[in-house]
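Please read it with the sequence and the model at hand.

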Amino acid sequence: AQKITQTQPGMFVQEKEAVTLDCTYDTSDQSYGLFWYKQPSSGEMIFLIYQGSYDEQNATEGRYSLNFQKARKSANLVISASQLGDSAMYFCAMIRLWNNDMRFGAGTRLTVKP
Amino acid sequence: SQTIHQWPATLVQPVGSPLSLECTVEGTSNPNLYWYRQAAGRGLQLLFYSVGIGQISSEVPQNLSASRPQDRQFILSSKKLLLSDSGFYLCAWSVNEGEQYFGPGTRLTVT
(Lines give C-alpha, C1' and ligand atoms only; values in the text may rest on other atoms or scores of the structure.)
Protein backbone atom coordinates (compact mmCIF):
# COMPACT_ATOMS: atom_id res chain seq x y z
CA ALA A 1 0.00 0.00 0.00
CA GLN A 2 1.18 3.50 -0.66
CA LYS A 3 2.49 5.59 2.21
CA ILE A 4 2.84 9.35 2.51
CA THR A 5 5.40 10.77 4.94
CA GLN A 6 5.60 14.31 6.21
CA THR A 7 8.52 14.43 8.62
CA GLN A 8 7.99 17.97 9.92
CA PRO A 9 5.19 18.11 12.49
CA GLY A 10 5.70 21.88 12.84
CA MET A 11 7.51 24.61 10.95
CA PHE A 12 8.10 28.30 11.61
CA VAL A 13 8.87 30.91 8.98
CA GLN A 14 9.30 34.65 9.05
CA GLU A 15 6.78 36.69 7.12
CA LYS A 16 7.86 37.36 3.52
CA GLU A 17 10.39 34.53 3.53
CA ALA A 18 10.11 31.27 1.59
CA VAL A 19 9.49 27.91 3.25
CA THR A 20 9.69 24.30 2.06
CA LEU A 21 7.40 21.63 3.46
CA ASP A 22 8.67 18.11 2.93
CA CYS A 23 6.72 15.16 1.56
CA THR A 24 7.92 11.75 0.50
CA TYR A 25 5.83 8.91 -0.80
CA ASP A 26 6.18 5.22 -1.33
CA THR A 27 4.42 3.48 -4.18
CA SER A 28 5.08 0.92 -6.85
CA ASP A 29 2.53 2.50 -9.16
CA GLN A 30 3.67 4.26 -12.32
CA SER A 31 0.63 6.51 -12.62
CA TYR A 32 -0.26 8.64 -9.66
CA GLY A 33 -0.99 12.19 -8.67
CA LEU A 34 0.35 14.29 -5.83
CA PHE A 35 -1.54 17.02 -4.03
CA TRP A 36 -1.04 19.61 -1.38
CA TYR A 37 -3.91 20.87 0.73
CA LYS A 38 -4.12 23.63 3.32
CA GLN A 39 -6.32 23.30 6.37
CA PRO A 40 -6.82 26.50 8.41
CA SER A 41 -8.19 26.38 11.93
CA SER A 42 -11.72 26.47 10.53
CA GLY A 43 -11.23 22.89 9.35
CA GLU A 44 -11.94 23.29 5.65
CA MET A 45 -9.57 21.62 3.23
CA ILE A 46 -8.29 23.95 0.53
CA PHE A 47 -6.67 22.57 -2.59
CA LEU A 48 -3.33 24.21 -3.37
CA ILE A 49 -1.50 22.37 -6.12
CA TYR A 50 -1.40 19.14 -8.13
CA GLN A 51 1.42 17.24 -9.85
CA GLY A 52 0.92 14.22 -12.08
CA SER A 53 3.56 11.52 -12.08
CA TYR A 54 4.10 11.96 -15.81
CA ASP A 55 4.33 15.74 -15.68
CA GLU A 56 7.89 16.73 -16.52
CA GLN A 57 7.66 20.27 -15.25
CA ASN A 58 7.11 21.17 -11.63
CA ALA A 59 3.64 22.48 -10.93
CA THR A 60 3.23 26.10 -9.87
CA GLU A 61 0.17 28.00 -8.63
CA GLY A 62 0.85 31.58 -7.65
CA ARG A 63 3.10 31.54 -4.57
CA TYR A 64 2.98 27.75 -4.39
CA SER A 65 5.29 25.43 -6.28
CA LEU A 66 5.79 21.71 -6.03
CA ASN A 67 9.37 20.46 -6.16
CA PHE A 68 8.79 17.06 -7.74
CA GLN A 69 11.73 14.65 -7.68
CA LYS A 70 10.39 11.40 -9.02
CA ALA A 71 13.49 9.30 -8.50
CA ARG A 72 13.61 10.33 -4.85
CA LYS A 73 9.82 10.02 -4.53
CA SER A 74 9.56 13.43 -3.01
CA ALA A 75 7.01 16.19 -3.61
CA ASN A 76 7.96 19.14 -1.46
CA LEU A 77 5.80 22.24 -1.33
CA VAL A 78 7.53 25.59 -1.59
CA ILE A 79 5.67 28.68 -0.44
CA SER A 80 7.32 31.90 -1.50
CA ALA A 81 6.88 35.24 0.28
CA SER A 82 5.03 33.79 3.27
CA GLN A 83 2.02 35.68 4.60
CA LEU A 84 0.43 35.58 8.03
CA GLY A 85 -2.62 33.96 6.46
CA ASP A 86 -0.47 31.01 5.41
CA SER A 87 -0.42 29.77 9.00
CA ALA A 88 -2.29 26.46 8.86
CA MET A 89 -1.90 22.70 8.63
CA TYR A 90 -0.59 21.48 5.29
CA PHE A 91 -1.25 18.00 4.00
CA CYS A 92 0.47 16.11 1.22
CA ALA A 93 -1.58 13.46 -0.53
CA MET A 94 -1.23 10.91 -3.28
CA ILE A 95 -3.86 9.36 -5.51
CA ARG A 96 -3.51 6.10 -7.40
CA LEU A 97 -4.84 6.87 -10.85
CA TRP A 98 -6.02 3.35 -11.63
CA ASN A 99 -8.52 3.19 -8.75
CA ASN A 100 -8.76 6.74 -7.34
CA ASP A 101 -7.54 5.57 -3.95
CA MET A 102 -6.21 8.64 -2.13
CA ARG A 103 -4.00 8.80 0.96
CA PHE A 104 -2.86 11.71 3.08
CA GLY A 105 0.26 12.40 5.11
CA ALA A 106 0.08 13.31 8.79
CA GLY A 107 0.44 16.99 8.04
CA THR A 108 2.78 19.86 8.91
CA ARG A 109 1.68 22.81 11.00
CA LEU A 110 3.13 26.00 9.54
CA THR A 111 3.32 29.13 11.64
CA VAL A 112 4.23 32.41 9.97
CA LYS A 113 5.79 34.94 12.33
CA PRO A 114 5.30 38.68 11.82
CA SER B 1 -20.59 25.33 -10.52
CA GLN B 2 -20.09 22.34 -8.26
CA THR B 3 -21.02 22.41 -4.60
CA ILE B 4 -20.69 19.85 -1.85
CA HIS B 5 -22.87 19.83 1.25
CA GLN B 6 -22.40 18.05 4.53
CA TRP B 7 -24.67 18.01 7.52
CA PRO B 8 -24.86 18.38 10.37
CA ALA B 9 -21.93 20.69 11.04
CA THR B 10 -21.55 19.51 14.62
CA LEU B 11 -22.98 16.55 16.46
CA VAL B 12 -22.78 15.24 20.00
CA GLN B 13 -23.92 11.67 20.44
CA PRO B 14 -23.79 9.21 23.36
CA VAL B 15 -21.88 5.96 23.12
CA GLY B 16 -24.01 3.23 21.63
CA SER B 17 -26.27 5.54 19.68
CA PRO B 18 -26.65 5.34 15.88
CA LEU B 19 -25.08 7.76 13.42
CA SER B 20 -26.01 9.05 10.01
CA LEU B 21 -23.95 11.70 8.23
CA GLU B 22 -25.01 12.84 4.81
CA CYS B 23 -23.03 14.31 1.95
CA THR B 24 -24.47 15.55 -1.32
CA VAL B 25 -22.80 17.00 -4.38
CA GLU B 26 -24.33 19.37 -6.89
CA GLY B 27 -23.25 20.37 -10.35
CA THR B 28 -21.48 17.22 -11.47
CA SER B 29 -22.35 13.69 -12.54
CA ASN B 30 -20.90 10.35 -11.54
CA PRO B 31 -18.32 11.78 -9.14
CA ASN B 32 -15.96 9.70 -7.06
CA LEU B 33 -16.97 10.18 -3.44
CA TYR B 34 -14.87 9.83 -0.31
CA TRP B 35 -15.34 9.79 3.47
CA TYR B 36 -12.38 10.75 5.65
CA ARG B 37 -11.97 11.03 9.39
CA GLN B 38 -9.54 13.36 11.05
CA ALA B 39 -8.76 12.88 14.73
CA ALA B 40 -7.79 16.00 16.67
CA GLY B 41 -4.41 17.27 15.49
CA ARG B 42 -3.94 14.35 13.12
CA GLY B 43 -3.99 13.69 9.40
CA LEU B 44 -6.85 12.39 7.32
CA GLN B 45 -7.77 8.72 7.38
CA LEU B 46 -9.61 7.40 4.35
CA LEU B 47 -12.67 5.47 5.50
CA PHE B 48 -14.65 4.74 2.35
CA TYR B 49 -14.67 5.67 -1.29
CA SER B 50 -17.13 5.09 -4.05
CA VAL B 51 -16.77 5.23 -7.82
CA GLY B 52 -20.48 4.73 -8.54
CA ILE B 53 -23.92 4.02 -7.13
CA GLY B 54 -23.84 1.03 -4.83
CA GLN B 55 -20.05 0.67 -5.19
CA ILE B 56 -18.30 1.14 -1.87
CA SER B 57 -14.70 0.38 -1.00
CA SER B 58 -13.88 0.14 2.69
CA GLU B 59 -10.40 0.96 3.86
CA VAL B 60 -10.63 0.53 7.60
CA PRO B 61 -12.56 -2.34 9.26
CA GLN B 62 -14.64 -0.79 12.00
CA ASN B 63 -18.18 -0.20 13.11
CA LEU B 64 -18.86 2.36 10.38
CA SER B 65 -20.52 1.73 7.05
CA ALA B 66 -21.20 3.80 3.96
CA SER B 67 -23.86 3.78 1.31
CA ARG B 68 -24.41 5.56 -1.98
CA PRO B 69 -28.12 5.36 -2.73
CA GLN B 70 -27.96 8.03 -5.43
CA ASP B 71 -25.28 9.26 -7.79
CA ARG B 72 -24.50 12.37 -5.77
CA GLN B 73 -25.35 11.21 -2.27
CA PHE B 74 -22.95 9.52 0.12
CA ILE B 75 -24.01 8.48 3.61
CA LEU B 76 -21.82 7.45 6.53
CA SER B 77 -23.54 5.36 9.21
CA SER B 78 -23.02 3.47 12.40
CA LYS B 79 -25.38 1.29 14.38
CA LYS B 80 -23.56 1.88 17.68
CA LEU B 81 -21.04 4.64 18.17
CA LEU B 82 -17.82 4.17 20.12
CA LEU B 83 -15.83 6.83 21.93
CA SER B 84 -13.08 6.35 19.36
CA ASP B 85 -15.46 7.45 16.61
CA SER B 86 -15.09 11.06 17.73
CA GLY B 87 -13.44 13.23 15.10
CA PHE B 88 -13.87 15.52 12.18
CA TYR B 89 -15.55 13.80 9.24
CA LEU B 90 -14.92 15.13 5.78
CA CYS B 91 -16.67 14.18 2.57
CA ALA B 92 -14.94 14.84 -0.73
CA TRP B 93 -15.64 14.38 -4.42
CA SER B 94 -13.53 14.20 -7.53
CA VAL B 95 -13.88 13.51 -11.21
CA ASN B 96 -11.43 11.03 -12.69
CA GLU B 97 -7.96 11.62 -11.26
CA GLY B 98 -8.47 15.29 -10.58
CA GLU B 99 -8.23 17.17 -7.36
CA GLN B 100 -10.61 16.36 -4.56
CA TYR B 101 -13.04 18.97 -3.37
CA PHE B 102 -13.94 18.80 0.28
CA GLY B 103 -17.12 19.57 2.12
CA PRO B 104 -17.22 21.75 5.23
CA GLY B 105 -17.00 18.72 7.53
CA THR B 106 -18.93 17.39 10.52
CA ARG B 107 -17.40 17.56 13.96
CA LEU B 108 -18.61 14.50 15.89
CA THR B 109 -18.17 14.14 19.64
CA VAL B 110 -19.13 10.84 21.19
CA THR B 111 -19.73 11.12 24.92
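**Contact between chain A and chain B**

Between chain A and chain B the count of salt bridges is zero, whereas two residue pairs are in polar contact across the two chains, both at pLDDT 80 or more. The model is a predicted one, and the values below are computed from it.

- The contact draws on 18 residues from chain A and 19 residues from chain B, and the area buried between the two chains is about 1,500 Å², of which carbon and sulfur atoms give 55%.
- Of the area that chain A buries against chain B, 31% is supplied by Met45(A), Asn100(A) and Phe104(A), which is more than any other three residues supply.
- On the side of chain A that touches chain B, the elements giving two or more residues are strand 5 (32-39), strand 6 (46-52), strand 10 (88-96) and strand 11 (101-104) of chain A.
- Among these elements, strand 11 of chain A gives the most to that side, with four residues.
- By residue class, the side of chain A that touches chain B divides into eleven nonpolar, five polar and two charged residues.

**Disulfides**

- Over all chains, the structure holds two disulfides.
- In chain A, a disulfide joins Cys23(A) to Cys92(A), with an S to S distance of 1.9 Å; the torsion about this S-S bond is about -65 degrees, so the disulfide is left-handed.
- Cys23(A) lies in the loop between strand 3 (19-21) and strand 4 (24-26) of chain A, while Cys92(A) lies in strand 10 of chain A, so the pair ties together parts that are 69 residues apart in sequence.
- Cys23(A) and Cys92(A) are both buried.
- In chain B, a disulfide joins Cys23(B) to Cys91(B), with an S to S distance of 1.9 Å; the torsion about the S-S bond is here about -75 degrees, so this disulfide is left-handed.
- Cys23(B) is placed in strand 3 (residues 19-26) of chain B and Cys91(B) in strand 9 (residues 87-94) of chain B, so the parts that this pair ties together are 68 residues apart in sequence.
- Cys23(B) is buried, as is Cys91(B).

**Gln51(A), a residue of strand 6**

- Gln51(A) has its place in strand 6 of chain A, an element that is one of those giving two or more residues to the side of chain A that touches chain B.
- The relative accessibility of Gln51(A) is 0%, and the residue therefore counts as buried, the cut-off being under 20%.
- The side chain of Gln51(A) reaches the backbone oxygen of Gln57(A) at 2.9 Å, and it also reaches the backbone nitrogen of Ala59(A) at 2.8 Å.
- Not counting residues up to four places away in sequence, Gln51(A) touches Tyr32(A), Gly33(A), Leu34(A), Gln57(A), Asn58(A), Ala59(A), Leu66(A) and Phe68(A).

- Leaving aside neighbours within four places in sequence, Tyr101(B) is in contact with Ile4(B), Cys91(B), Ala92(B) and Trp93(B).
- One of these contacts, Cys91(B), is the cysteine joined by a disulfide to Cys23(B); the C-alpha atoms of Tyr101(B) and Cys91(B), ten residues apart along the chain, are separated by 8.5 Å.

Conventions: Residues numbered from 1 in each chain as written. Chains lettered and ligands numbered in written order. Predicted model: local features only at pLDDT ≥ 70, side-chain atom pairs only at ≥ 80, totals over all residues. Heavy atoms only, no water. Contact = heavy atoms within 4.5 Å. Buried area = accessible area lost by both parts, 1.4 Å probe. Salt bridge = Lys/Arg side-chain N within 4 Å of Asp/Glu carboxyl O. Polar contact = N/O pair within 3.5 Å; in protein donor to acceptor, adjacent residues only side chain to side chain. Nonpolar A, V, L, I, M, F, W, Y, C, P; charged D, E, K, R; others polar. Disulfide = S-S within 2.5 Å. Buried < 20%, exposed > 50% of the residue type's maximum accessible area, 1.4 Å probe, protein only.
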